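Dear colleague,

I am passing on the structure we spoke about, and below it you will find an account of what turned up in it. Please read the notes with the structure open beside you.

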Amino acid sequence: MALKLVPMWACCTNQQHCCTYTQSLKLGYGSRLSGSTFLNLRVHKKWECLVLLSETERAITPVEDEQPLAPPGDASVQETQIIRSKGFHRDLQSLPKPLSATYLSSGQHDGSNVRVAYQGIPGAYSEAAALKAYPKCEPVPCDQFEAAFKAVELWLVDKAVLPIENSVAGSIHRNYDLLLRHRLHIVGEVQLLVNHCLLGLPGIRKEELKRVVSHPQALEQCNIMLNELGVARLSSDDTSSAAQIVASEGTRDTGAVASARAAEIYGLSILAERIQDDPDNITRFLILAREPIISGTDRPYKTSIVFTLEEGPGVLFKALAVFALREINLTKIESRPQRKRPLRVVDDSNKGSAKYFDYLFYIDFEASMADPRAQYALEHLQEFARFIRVLGCYPMDTNL
């Protein structure tokens, strides 16, 4: 269960009791805790700083596969605790510095010391997205999406870049589910213009091809060109592995749909460029890290959240209205049935008990969590939601 931190100044007036004063403080993403408490601090002879650890004011019901991260050992926080401060750290330079949006987007930060996980093999579009975000990073290929999540959690890499939606194929639902299952934070986004190329062995013309292999979505996005060629279509795990297959097998009548970078890596010829049906084919990727960044208001920001709602008429309308009332623009709405509790029983049906899907709602909106409008909107949303989680607040990618 999430905890809230409240700094408290205590002054012992006599040996019987000690009065403490707390200052109202914004915590997390808009939560507020204030008030005063009397504590038995007989040993204190002067003002001292303490930290109050308390459970959240609103109980949160775990959803899906979300598992709270337990601290090492068997100890757990069962009740409110008072921890005496050890004093300020003398060597401030040795303290870890939190990631900031300025650090992530700074022109001097080219990712030269960053390891970035992606799904696929060299030449994949995900690798290109990682290199766009961090031009001099070390890309680390992973065989599955979940392997990239785990690589970040296990400190094998610093970040992961994973696709979340495509302008033609739509949302990648698997990664939406993994965002909830894992405890990583969205710290950035990358929008990549997809340029599908028809690749073949050197010296081959596209008219000689009889088969073309690629990811099923890539094949579907190049439907017009492939129909004109009259080729058979074979599926592969991703576009870059298709290029690898053509290069390794050396079959002259087999081509691949992949990126120009894949052709360079695997020694293939580009038989045709930009063969996708829709020239504006864009894939949006998310940058994931172990820690969130400190958001600001100096540039356009986007915030991603997930929540579930109480049962009742017009509840979804009320939930979305908290953003409209504050003139916050929504850029994405995605709903996913809860996998562990997919059905909700409603007792007011005419015959027996009606059962409906119980949904998770994923929303992206254009506002920073440093903006009071966003803080008040999420505070208002708590009136209708049974569960809310902020997945990340990050700078928008405005460059293609």
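A pocket, as the word is used here, is an open set of points on a 1 Å grid, with protein on both sides within 12 Å along at least five of seven lines. Please keep in mind throughout that this is a predicted model.

With that in hand, the second largest pocket has a volume of about 620 Å³. Of the 28 residues that line this pocket, Gln119, Pro163, His215, Asp237 and Asp238 are the closest to its centre. Two or more lining residues come from each of helix H2 (125-133), strand E10 (159-166), helix H5 (216-221), helix H7 (239-249) and strand E18, and the lining as a whole divides into 10 nonpolar, 14 polar and four charged residues.

The structure also holds three cavities of 30 Å³ or more. The largest cavity has a volume of about 60 Å³, and among the residues that line it are Ile164, Tyr176, Leu179, Arg284, Leu286, Asp364 and Tyr394. H4, E18, E23 and E24 each supply at least two residues of that lining, which divides into eight nonpolar, one polar and two charged.

For the second largest cavity, the volume is about 40 Å³, and its lining consists of Phe149, Leu162, Pro163, Ile164, Asn175, Leu179, Leu286 and Leu288. E10 gives the largest share, three residues, and the lining divides into seven nonpolar, one polar and no charged residues.

Four strands form an open sheet in the order E20-E23-E19-E24, with antiparallel pairing; strand E20 (330-337) and strand E24 (385-395) are its edge strands, each pairing on one side only. Neighbouring strands of the sheet are turned by 15° against each other on average, direction ignored. Helix H4 (residues 173-181) packs on the sheet, where it touches E19, E20, strand E23 (359-365) and E24, and the direction of H4 makes about 85° with that of E20. Strand E19 (residues 301-309) is joined to E24 by nine bridges, and valine 306 stands opposite arginine 389 in E24. Helix H10 (residues 372-381), for its part, lies across E19, E23 and E24 and runs at about 160° to E24.

One last residue deserves a look. Proline 279 sits in the loop between strand E17 (269-272) and strand E18 (282-289), and it counts as exposed because its relative accessible area is 54%, where exposed means over 50%. The C-alpha atoms of proline 279 and leucine 193 are separated by 9.0 Å, although the two residues lie 86 residues apart along the chain.

With kind regards

Technical notes
Residues numbered from 1 in each chain as written. Predicted model: local features only at pLDDT ≥ 70, side-chain atom pairs only at ≥ 80, totals over all residues. Heavy atoms only, no water. Pairing = 2+ DSSP bridges. Axes fitted to C-alpha atoms, helices over the stretch in contact; angles between N-to-C directions. Contact = heavy atoms within 4.5 Å. Buried < 20%, exposed > 50% of the residue type's maximum accessible area, 1.4 Å probe, protein only. 1 Å grid on protein atoms, 1.4 Å probe; cavity = no way out; pocket = protein on both sides within 12 Å on 5 of 7 lines; lining within 4 Å. Points joined across faces, edges and corners; volume = space filled by probe spheres on them. Nonpolar A, V, L, I, M, F, W, Y, C, P; charged D, E, K, R; others polar.
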